[in-house]
Amino acid sequence: MHTASLPILSQYTLNALSTIEHETRRLFHGRGRCFEGLEHITVDWLQGQVLVSLFKAPAEDFLLALQDTLEQWTSTPQWQSSSTRSLLLQHRYQQNAPIECIWGEHHTQQLITENGLTFKLDLDRNQNSGLFLDMRLGRKWVKENSQHKRVLNLFSYTCGFSVAALAGEAEYVVNIDMAKSVLNRGRENHRLNGHDLSQVSFFGHDIFKSWGKIKKYGQYDLIIIDPPTFQKGSFAITKDYQKILRRLPELLTQKGKVLACVNDPTLSAQFLIDNMKAEAPNLQFLSRLDNPAEFPDIDSESGLKALIFQA
């Protein structure tokens, strides 16, 4: 990270802030390696709060210069004409990813909107806030392709895909995640959008020990697979993804679709295509979803890969 690059950070962030609309967006994405010296910084607009995240421990001189730069933002015309209430700096490289408030009042919980839907974020001592913004177009696709469908949402986290599916008039959604706490947030996200919870199930189970329960609610017209790259003791993407793919033929309806995702920068889209061909050869690759324009990447294979397959 280079102090000489901080004017570029300011330029892009403030320009984006001046054109931001009502919904949540990333303002600056350094992790795509398109901005030399800023590869470990992101900035997000969270509808009243601006969150700057550092993903690598900076040198002391850089941190001091960054804090000074952030304070300067608050006196700019772009900032003052926005509805920003706080400026937060998250140290993602530290344990529990602590957040410090640089300016304004820190609200640890924040309601945001995306594609017209409402979600609650946690901006406290959590590494992730509750919604991965690079998946915005994936949730949009699910909303547009869920009408009258039964949907299985694996690794559901806070149920962003589930909320999108019910908003798209899905018949029923089954959410599976080991962490019951995130499923509770998923229920809350559904309530925030006025959804009928009789149309959705939440199972806090290990996927690999729950195929019987999953099949009980199937078959499914749409299956969403968006796993973590690594989850200690439960999931490693290079050896466990295949175990899920080989189950798809028995879970899918005729002509059912799968949205399969991977966000490991070392794995390309071909990883999913090849493994699907090996484990579920009756599923055909249809297309890859675009990533949002606000997530530029020097290599398209390093960013999010969201692929659609059909039985």
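**Exercise 1. At what angle do α4 and α5 pack, and how far apart are their axes?**

The model is predicted: local features need pLDDT of at least 70, side-chain atom pairs count only at pLDDT 80 or more, and totals for chains, interfaces and linings use all residues. Residues are numbered from 1 along each chain as its sequence is written, and side-chain values use heavy atoms, with hydrogens and water left out.

Step 1. Helices (H or I, at least four residues) and strands (E, at least two) are DSSP runs, numbered from the N terminus.

Step 2. Read the values. α4 and α5 pack at about 35°, and their axes are 7 Å apart.

Step 3. A crossing is left-handed if the near helix is turned anticlockwise from the far one by less than a right angle, and right-handed if clockwise. For α4 and α5 the crossing is right-handed.

Step 4. List the contacts (heavy atoms within 4.5 Å). From α4 come Gly138, Arg139, Val142 and Lys143; from α5 come Gly160, Phe161, Ala164, Ala165 and Ala167.

Step 5. Sort them. Ala, Val, Leu, Ile, Met, Phe, Trp, Tyr, Cys and Pro count as nonpolar, Asp, Glu, Lys and Arg as charged, and the others, Gly among them, as polar. The α4–α5 contact has five nonpolar, two polar and two charged residues.

**Exercise 2. Find the buried residues of α4 and say what they pack against.**

Step 1. Set the cut-offs. Buried means under 20% relative accessible area, exposed over 50%, and partly exposed in between (1.4 Å probe, protein chains only).

Step 2. Apply them. Arg136, Gly138, Arg139, Trp141 and Val142 are buried in α4.

Step 3. Find the partners. These buried residues pack against β1 (25–29), β6 (109–114), α5, β11, β14 and β16.

Step 4. Follow Trp141. Beyond its neighbours within four places in sequence, Trp141 contacts Leu222, Lys257, Leu259, Leu289 and Ile308.

**Exercise 3. How many residues does the largest nonpolar core have, and which of them have the most contacts inside it?**

Step 1. Define the set. A nonpolar core is a set of buried Ala, Val, Leu, Ile, Met, Phe, Trp, Tyr and Cys residues joined through side-chain atoms within 4.5 Å.

Step 2. Count. The largest core holds 35 residues, and Trp141, Val142, Val151, Val173, Ile224 and Leu259 have the most contacts inside it.

Step 3. Trace the suppliers. Elements giving at least two residues each to this core include β7 (117–122), α4 (136–144) and β14 (252–262). α5 gives the most, with five residues.

Step 4. Look for another core. A second, separate core of 34 residues includes Phe155, Phe235, Ile237 and Phe271.

**Exercise 4. Classify two helix pairs by axis angle: α1 with α2, and α8 with α10.**

Step 1. Set the classes. Angles under 35 degrees count as roughly parallel, over 145 as roughly antiparallel, 65 to 115 as roughly perpendicular and the rest as oblique.

Step 2. Take α1 (residues 6–19) and α2. Their axes come within 10 Å and cross at roughly 30°. The pair is therefore roughly parallel. The crossing is right-handed.

Step 3. List that contact. Leu6, Leu9, Ser10, Thr13 and Leu14 in α1 meet Phe62, Ala65, Leu66, Thr69 and Trp73 in α2. By class there are seven nonpolar, three polar and no charged residues.

Step 4. Take α8 (residues 237–245) and α10 (residues 269–279). The angle is about 45°, with the axes 9 Å apart. This pair is therefore oblique. Its crossing is right-handed.

Step 5. List that contact. Ile237, Thr238, Tyr241, Gln242 and Leu245 in α8 meet Phe271, Leu272, Asn275, Met276 and Glu279 in α10.

**Exercise 5. Is Leu283 buried or exposed?**

Step 1. Locate Leu283. This residue lies in the loop between α10 and β15 (284–288).

Step 2. Apply the cut-off. Leu283 is buried because its relative accessibility is 5%.

Step 3. Check its contacts. Not counting residues up to four places away in sequence, Leu283 touches Leu248, Leu252, Val258, Met276, Phe309, Gln310 and Ala311.

Definitions and conventions
Axes are lines fitted to C-alpha atoms, for helices over the stretch in contact, and angles run from 0 to 180 degrees between N-to-C directions.
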